[in-house]
Amino acid sequence: MEACLRQRVTPSTPYCDANRQKLSKAKSAGTFDGDEELWRLTAPPIHMGREVSMRGLPRRLVAELLYCVQQRTANGVRTVGHCLRVICDRLRFLRCETLEDPEATGLKGHNVSLVTTIRRTLHRLGTTPEEESRRAVWDLVIFGFGGTVDFTEIRQDTLREATRIWAADDLLRRRWKGGGRTLQRQIDAMVELSKSLRLQREDRGQTVALLDRRDIVAFCNRLAFKTENGQLSAQQRLCMARTVRKVLNRWRTLGLTGKGEILEGLRADFVMRPVDMPDDPEDTETDNDLPDEVMQQLCDNLNLLEEMSSIEVRVCTELLIDTGRRPVEVCRLPLDCLEGDPDCSPVLLYDNRKAFRLGRRLPIAKVTAAVITARQERVRRRFPDAPVLRAETAALTDRQPVGNQTHLRQQHRNWVRALPKFLVPIEVDVGGELVTKLLPFDKGKIFSYAYRHSFAQRHDDAGVKPEVLKDLMDHRQLQTSQAYYRIGQHRRREAIDLVAVMQFDRHGNRVWRQVQGLLDSEHVRREVATAYGVCRKPTNVAAGGHSCPLRFRCLGCEHFHTDVSYLPNLEAYHADLLRSREKLMSAFKADDWARAEAMPSQEELRRVRRLINRVKADLDDLTEEEQAQIQQAVSVIRRGRSVMLGMPRIGQPLPDVRPPTEEDYVSSAMSAGRKADGDRRRQRVVMAINTAAQKGSRITVSGVARQAGVDRTVLYRHRDLLALVHAAELEPAEQDPASSASAVSRASLQANLANTQARTVRLSARIQQLERRLSQELGEQAWRESGLGAPTDIEELQRTISRLEQRNVELAETLEESQADLVAAREANRELTRTLNQRGEQSGPGRARPQ
């Protein structure tokens, strides 16, 4: 026999005793086909212990199996002997020459995962990235990454090929192993574009030359529809729009739209414009950090985690909590990951593999260092001969390594599920009053990466500066670190109180008011944000900023106020006014009335300059420490600020002259259904408002939404309904006409109280001003009567000097204005010259350029 190494029973017998008995049993059972020569070639050997015999297999097949086993061992994967033995016996029975033979398909039922891994390993052997990039499904291991990407869902052949070319170019810019997941998400965005083209166009988007602006608008509307129905989140919609814009622009920079290329004839308007990009989600603050009560309960039950899994999983979890590192960084910590600073403070050494920044240093507490030291001693006792070890090498069981992230997440998930309910204090609305109750916390929010968010939030609450926290999180940009934590209400209140002393009205005069309750909803809804300040006009506030009778000319309105945090917006608005004026004064064809209406007035320019100079002058009067505090408070306020003036973000589609299809009728029916559902919700909201007004109960947004059975976001999306709620809240409750008592509402009492407090502040300031003037007058009178005053001529010279200094200041302001006008004129001249040059290039060499 080919596969047997045993001795024959007798020289005349070609079999050993075990194989002779096996053949006799096969003949007796009727399973022997009569071809004894074939049976000697395909029969499996008599296995001994853990040995795997490959005798009787072709040399190429033996080499393939040995190569695959070596690759699995190099990747830290264990190959079970009896599974490989079954595969070898099956290959010997099928008489396969290689694993790629059609006969090898019979291996599907034999250890599917092992066979799949072996074939994938053989596929990667000798395959180059150029060959892999021509396939519809890529194995990213060939490119140096992990996972696969699938282009088959992009049904348009031309777009699929262009996307593959872009993906091959984009992979060269990625360095960390998880880049494949990011690439697949970007390809999913192109899949959404492909689905939109397939649904909206008669040719299903196969003709590239016919793609135009209407298809982009239809794609944006599709994303908005899916977001409204909950199929996509606002963040996913934004990421998809950004990805499509990047890919479409990259197609052109790669030259794919040139003559003779695959995208030849693609129109220039098939591109995502800035107006097509959706707004950032209104709530940009992350809430992935865990409350203190949850963290305390988790730390108290670490012993249970060790009992359910192992001490190594507990060590990894403790390091995640204490250091805030990523799970992949903790799982791949080397054995000698602990060092000391010159002052003997412990420092953790780790590799930031996501950003490809190796050898990073993180100061840690001595308690955390003790956990690492104990683990080092434990690993050295277990592996005394290993010079360098990672967490992956410390085996938890015979099959699963500790350093595997999947195993760590699974053990952590099982531990969280086994814990009792997490109760956290939350304020809820009960009968119109806020009551603190202990409610269960969602266990789905407790995952290994949430400890990194909790690490950032914990340090921010402790007052760590943002630039220091950026270094602790090992980020290159401060904005990346700011996405991991949210600014608490007390810090916002302190920042607003600090900036409140630097408030100004439209004339540039200092305005002081009480801002203790500025963050409360009762005060926030009495003002609305504008481009460079706030507006307190009641009708405009009730309409959410969409009912300005002056058409956003805030500098001429008495309800406008601004502060130092809007200084960059004021400077940008001033520069925009200068550019607009220069463009309108240039060779621009327009009617006189339209030009006069659009021309910025000189008074508006002077008022903006005066307001900017006043804010800067007051800032210069402060000390360096006060200026630093103001700047830090401004950064806190500007981060949580969002201005929405109601301008459309997506251009309206052009009229469609194509005949309606069945899909169009289905879409119209869906639109009609959504409109009817929206009308029913509006009716329920109006009825809830009227019912609450008749009962005389307190009217709030949450109360009306709960009574109408709708979500609060419905009221915030429909500004007219929100205005009705606010108007009903301000109106007094209905009373008996026979009653002589006047109708007084809570809002009116609060307004009277606020007016009284403001009047008290104004009167106090006026009294102090009069006292200072009286003191000055009495002092001057005593000075003159004593005969110690300066002669008349000296006083006249002093007045002349004051007039000249004032004249000097006015000339300096005039010079500054002239310089600003000159800069704006130069910029407008450059734009006009660039426009003329572009028109000349478009007219061609045979046409005369316009004079």
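Is Thr 127 buried or exposed, going by its relative accessible area? Thr 127 is buried, with a relative accessible area of 15%; here buried means under 20% relative accessible area, exposed over 50%, and partly exposed in between, using a 1.4 Å probe on protein chains only. Thr 127 sits in the loop between α5 (112-124) and α6 (129-132). Helices (H or I, at least four residues) and strands (E, at least two) are DSSP runs, numbered from the N terminus. Once neighbours within four places in sequence are set aside, Thr 127 is in contact (heavy atoms within 4.5 Å) with Glu 132, Arg 135 and Ile 142.

A word on the ground rules. This is a predicted model, in which local features need pLDDT of at least 70 and side-chain atom pairs count only at pLDDT 80 or more, while totals for chains, interfaces and linings use all residues. Residues are numbered from 1 along each chain as its sequence is written, and side-chain values use heavy atoms, with hydrogens and water left out.

**The overall picture**

The protein has 32 helices and twelve strands. Of its 851 residues, 34% are buried. Take the contacts between residues at least 6 apart in sequence: 61% of them join residues at least 24 apart.

**The cores**

In soluble globular proteins, nonpolar side chains tend to be buried together. A nonpolar core is a set of buried Ala, Val, Leu, Ile, Met, Phe, Trp, Tyr and Cys residues joined through side-chain atoms within 4.5 Å. The largest one here has 40 residues, and those with the most contacts inside it are Leu 290, Val 294, Leu 298, Trp 415, Phe 422, Ile 446 and Tyr 451. Helix α13 (residues 311-323) gives the most to this core, with six residues. A second, separate core has 38 residues, including Trp 166, Leu 197, Cys 220 and Leu 232.

What is Leu 290 in contact with, leaving aside its neighbours within four places in sequence? The list is Met 295, Leu 298, Phe 441, Lys 445, Ile 446, Ala 450, Tyr 451 and Ser 454.

Leu 305 lies in helix α12 (residues 302-308) and is buried, with a relative accessible area of 0%. Beyond its neighbours within four places in sequence, Leu 305 is in contact with Ser 310, Val 313, Arg 314, Thr 317, Gln 411 and Trp 415. The C-alpha atoms of Leu 305 and Val 416 are separated by 8.7 Å, though the two residues are 111 apart along the chain.

The axes of α13 and helix α17 (residues 450-461) come within 7 Å and cross at roughly 30°. Those axes are lines fitted to C-alpha atoms, for helices over the stretch in contact, and angles run from 0 to 180 degrees between N-to-C directions. From α13, the contact uses Thr 317, Leu 320, Ile 321, Asp 322 and Thr 323; from α17, Tyr 451, Phe 455 and Arg 458.

Now for α15. Its buried residues are Thr 368, Ala 369, Val 371, Ile 372, Arg 375, Gln 376 and Val 379. Seen down the axis of α15, these fall within an arc of 155° (taken from the directions from the helix axis to the C-beta atoms), so they line one face of the helix. They pack against α13, β3 (338-340) and β4 (346-352). On the face turned away from the buried side, α15 carries the exposed residues Lys 366, Val 367 and Arg 381.

Thr 368 of α15 counts as buried at 5% relative accessibility. Leaving aside its neighbours within four places in sequence, Thr 368 is in contact with Leu 319, Asp 322 and Thr 323.

Here are two helices with their spans; the expected span is 1.5 Å times one less than the number of residues.

| Helix | Residues | Length | Span, first to last C-alpha | Expected span |
|---|---|---|---|---|
| α15 | 366-382 | 17 residues | 24 Å | 24 Å |
| α23 | 567-585 | 19 residues | 27 Å | 27 Å |

In α23, the buried residues are Leu 567, Leu 570, Tyr 573, His 574, Leu 577, Leu 578, Arg 581, Glu 582 and Leu 584.

Arg 204 has a positive phi of about 60° although it is not a glycine. Arg 204 belongs to the loop between α8 (179-200) and α9 (213-228) and is partly exposed, at 43% relative accessibility. Cys 344, also not a glycine, has a positive phi of about 65°. Cys 344 is in the loop between β3 and β4 and is exposed, with a relative accessible area of 67%.
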